[in-house]
Amino acid sequence: MTLAATVRHLSAGPATTAAGTHGFLSPTGVEIAFLLVGLVTLGAAVLTVTTRQLVHAALWLVVALGGLAVEYLLLTAEFIAWVQVLIYVGAVVVLILFGLMLTRAPIGRSPDADSGNRWAALTVAVASAAALVWVVVDAFRATWIDLDGPAAGSTAVTGASLFQHWVLPFEALSVLLLAALVGAIVLSRKAGSRPARDAPPTNAPPTNAPSTDAAPARQPSARNAPAPNAPAPDAPGKDGDR
Amino acid sequence: MHLAYPAVLSALLFCTGLYGVLARRNAILVLMSVELMLNAVNLNLVAFDVWLSRAAEETLHSGQALTLFTIAIAAAEIGIGLAIVLAVHRNRGTADIDRLRDTAEGHGPDGTDNDTAATGTAAEKAEATA
């Protein structure tokens, strides 16, 4: 196999001539490090999707994302690695933990974490993994990444390319982030006003269901007691106000 | 480094996330699996960008720029997704996506629950207009 890979390297043109002496049976140190960190990352990812303790799943996700940051460092993409640590490990996982806490996820083992179609999901995942790995290995087994020389993803290189060639998408992305921020605030603003209105039905929605036609019409009028025109058309009037 | 290593790791991570999306029942766990899939794509983008920046003298660094955009969009996605999950949990009392069957076709196994589900939707609409 290494002989075939070598022949393929030598015939692949000037782009991969540096790979002419490399085979899978003599890995470099970077490859060994990548393989070990990759095994840790993959194990943490598998534990993330299989563990029955919800908080542990979020904590294993931290390990998987941190391992991916180390992989970025090994690929000499330093800026991406630190952005990964800052945003994913720092912000996204904290958001997920907040979400688990606010939806009152059980701390201990929850037996209904997996749905009933997990065997179908396992079949689909294994089949797609086999197909993807087969295709990817068959396509790129002779391709060599040259990691020597200056880093391909240092802050200077990434910043230069980002602000020379990608300025307009970058600014559009800031608009998208602003829209997402406003949307998240609008979606979760009712969380602050709802418990003041009807806190007890939040825990038990089935008890909320029979009284839906009466309660939401009455309670906003009780809240806006100083200036109600009539109790029944209160909701459209408030809707127009907003 | 062989390009096959990050490519294979990325494929395996993507399929792990795919299994999580399909097999998990809690909506927040599904969002975590989506994050895993996005990270697999990011690893692919970075690996191919590092390869092409040397092999093809590509100076745009489009892979790394797209990775940064993907990370930012994933952050926005997780914020909006968690807000939606919290809103659903506030209205329904559950974040269990197997029990959110209001738009399902036909009668599910919980066909007797359709009335309360319908009134729940009405309550949600009343809440949205209030």
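# Exercises on a predicted two-chain model

Chain B contains 4 helices and 0 strands, where helices (H or I, at least four residues) and strands (E, at least two) are DSSP runs numbered from the N terminus. The model is predicted: local features need pLDDT of at least 70, side-chain atom pairs count only at pLDDT 80 or more, and totals for chains, interfaces and linings use all residues. Residues are numbered from 1 along each chain as its sequence is written, while chains are lettered from A and ligands numbered from 1 in the order in which they are written.

**Exercise 1.** Describe the fold of chain B and its annotated segment.

*Solution.* 
1. Along the sequence, the pattern of chain B is α-α-α-α.
2. Of its 130 residues, 52% are buried, meaning that 20 or more other C-beta atoms lie within 10 Å of the residue's own C-beta, placed from the backbone (12 or fewer is exposed, in between is partly exposed).
3. An unreviewed UniProt entry annotates residues 66-89 of chain B as "transmembrane region"; such annotations may be inferred rather than shown by experiment.
4. In the model, residues 66-89 of chain B are 100% helix and 0% strand, with end C-alpha atoms 33 Å apart.

**Exercise 2.** Compare the span of α2(B) with its expected span, and state how far this helix is covered.

*Solution.* 
1. The expected span is 1.5 Å times one less than the number of residues.
2. α2(B) has 29 residues and reaches 42 Å from first to last C-alpha, close to the 42 Å expected.
3. The helix is mostly covered, with 24 of its 29 residues buried.
4. Just after α2(B), E57(B) adopts a positive phi of about 55 degrees.

**Exercise 3.** Characterise the interface between chains A and B.

*Solution.* 
1. Residues are in contact if their C-beta atoms, placed from the backbone, lie within 7 Å. On this basis 93 residues of chain A are in contact with 75 residues of chain B.
2. Helix α5 (residues 118-140) of chain A gives the most to the chain A side, with 12 residues.
3. That side has 61 nonpolar, 22 polar and 10 charged residues. Ala, Val, Leu, Ile, Met, Phe, Trp, Tyr, Cys and Pro count as nonpolar, Asp, Glu, Lys and Arg as charged, and the others, Gly among them, as polar.

**Exercise 4.** Locate the largest nonpolar core and its contributors.

*Solution.* 
1. A nonpolar core is a set of buried Ala, Val, Leu, Ile, Met, Phe, Trp, Tyr and Cys residues joined through C-beta atoms within 7 Å.
2. The largest one has 78 residues, and those with the most contacts inside it include I96(A), I28(B) and M32(B).
3. α2(B) gives the most to this core, with 17 residues.
4. Leaving out residues up to four places away in sequence, I28(B) touches I96(A), G99(A), L100(A), T103(A), V85(B) and A95(B).

How values were computed: Two residues are in contact if their C-beta atoms, placed from the backbone, lie within 7 Å.
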